[in-house]
Amino acid sequence: MRLNLQEILHSSGAEKRFSFCLDLSGMEFFGDRPFAQPIAVSGRVRNQADVLLLEGVAESILDLPCDRCLKPMEKEMRVPVEFMLSEHLEEEESDTILPLEDGAIDLDEVFTTAVVLALDAKHLCSEDCKGLCPQCGADLNEGPCACKPEPDPRLAALAQLLDSDE
């Protein structure tokens with residue numbers, strides 16, 4: 001969504017509100033598509049003493065598997081966004097100031113970048129998720145599996161001594 005800000009660009013105290021849905025269902029992250037539901041974006045751009053401030057929030061529910069037990073789960077995501085907007089940037093790059101193009105800003109690009117950068121590296125169904133057994137693949141959250149624990153390879157020589165005594 002391209003938001004034209006010409007009408008508030010030089011009007012101190014003026015503001016322009018926006019609200020739209022962002023569809024990122026085609027984005028894939030490590031084989032998963034977490035954005036099955038649209039992302040609700042809302043906010044405003046206001047002219048405060050001839051400085052344009054973009055304030056908004058992107059909200060959605062992520063659909064993804066737990067990184068430990070692989071069970072499907074839903075997780076709420078709320079990403080606040082705040083930037084200053086400028087017609088003329090003096091610096092080449094800035095993390096807090098975004099350039100306007102012909103008095104407009106591409107909100108799709110701004111919020112897509114913010115949402116992708118806000119994704120956690122690890123998604124867990126619960127903090128104490130035990131994951132899967134590395135030998136048989138059983139879900140350890142449902143109880144212990146029947147696998148015999150692997151002996152520590154550093155103590156294999158001692159285990160051979162105990163076996164020879166018997």
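This report covers the pockets, the nonpolar core and selected residues of a predicted model.

## Basis of the values

The model is predicted, so local features are given only at pLDDT of at least 70 and side-chain atom pairs only at pLDDT 80 or more, while totals for chains, interfaces and linings use all residues. Residues are numbered from 1 along each chain as its sequence is written, and side-chain values use heavy atoms, with hydrogens and water left out.

## Largest pocket

The largest pocket has a volume of about 290 Å³. A pocket here is an open set of points on a 1 Å grid over the protein atoms alone, where a 1.4 Å probe fits, with protein on both sides within 12 Å along at least five of seven lines; lining residues have an atom within 4 Å of a point. Grid points are joined across faces, edges and corners, and the volume is the space filled by probe spheres set on the points. The lining holds 13 residues, of which Leu98, Ile105, Asp106, Glu109 and Val110 are the closest to the pocket centre.

Strand S6 (97-99), strand S7 (104-106) and helix H1 (107-118) each supply at least two lining residues. Helices (H or I, at least four residues) and strands (E, at least two) are DSSP runs, numbered from the N terminus. H1 gives the largest share, five residues. By class, the lining has eight nonpolar, one polar and four charged residues. In this scheme Ala, Val, Leu, Ile, Met, Phe, Trp, Tyr, Cys and Pro count as nonpolar, Asp, Glu, Lys and Arg as charged, and the others, Gly among them, as polar.

## Second largest pocket and His123

The second largest pocket has a volume of about 230 Å³. Its lining consists of Phe29, Phe30, Asp32, Pro34, Leu64, Pro65, Asp67, Leu119, Asp120, Ala121 and His123. These residues divide into seven nonpolar, one polar and three charged.

His123 lies in the loop between H1 and helix H2 (156-165). With a relative accessible area of 10%, His123 is buried (under 20%; exposed is over 50%, partly exposed in between; 1.4 Å probe, protein chains only). A polar atom of the His123 side chain lies 3.1 Å from the backbone oxygen of Asp120. Leaving aside neighbours within four places in sequence, His123 is in contact (heavy atoms within 4.5 Å) with Leu64, Pro65, Cys66, Asp67, Met73 and Lys75. Leu64, Pro65 and Asp67 also belong to the pocket lining.

## Nonpolar core

A nonpolar core is a set of buried Ala, Val, Leu, Ile, Met, Phe, Trp, Tyr and Cys residues joined through side-chain atoms within 4.5 Å. The largest one has 35 residues, and Leu5, Phe18, Val45, Leu85, Ile105 and Phe111 touch the most other members. Strand S2 (15-22), strand S3 (39-48), strand S4 (51-65), strand S5 (72-86) and H1 each supply at least two residues of this core. S5 gives the most, with six residues.

Beyond its neighbours within four places in sequence, Leu5 is in contact with Lys16, Val45, Leu52, Leu85, Leu100, Gly103, Ala104 and Ile105.

## Val81 and Glu55

Val81 lies in strand S5 and counts as buried at 6% relative accessibility. Not counting residues up to four places away in sequence, Val81 touches Leu54, Glu55, Gly56, Val110, Phe111 and Ala114. Val81 and Glu150 are 69 residues apart in sequence and 49 Å apart in space, C-alpha to C-alpha.

Glu55 is placed in strand S4. A polar contact of 2.9 Å joins the side chains of Glu55 and Arg46. Such a contact is a pair of N or O atoms within 3.5 Å; within protein, one must be able to donate a hydrogen and the other to accept it, and residues adjacent in sequence count only if both atoms are side-chain atoms. With residues up to four places away in sequence not counted, Glu55 touches Phe18, Ser42, Gly43, Arg44, Arg46, Val81 and Glu82.

## Loop residues

Cys69 is found in the loop between S4 and S5 and is buried at 6% relative accessibility. Not counting residues up to four places away in sequence, Cys69 touches Cys125, Cys129, Gly131, Leu132, Asp139 and Asn141.

Leu70 lies in the loop between S4 and S5 and is exposed, with a relative accessible area of 56%. Phi of Leu70 is near 65 degrees, a positive value in a residue other than glycine. Asp102, in the loop between S6 and S7, is exposed at 74%. Phi of Asp102 is near 55 degrees, also positive in a residue other than glycine.
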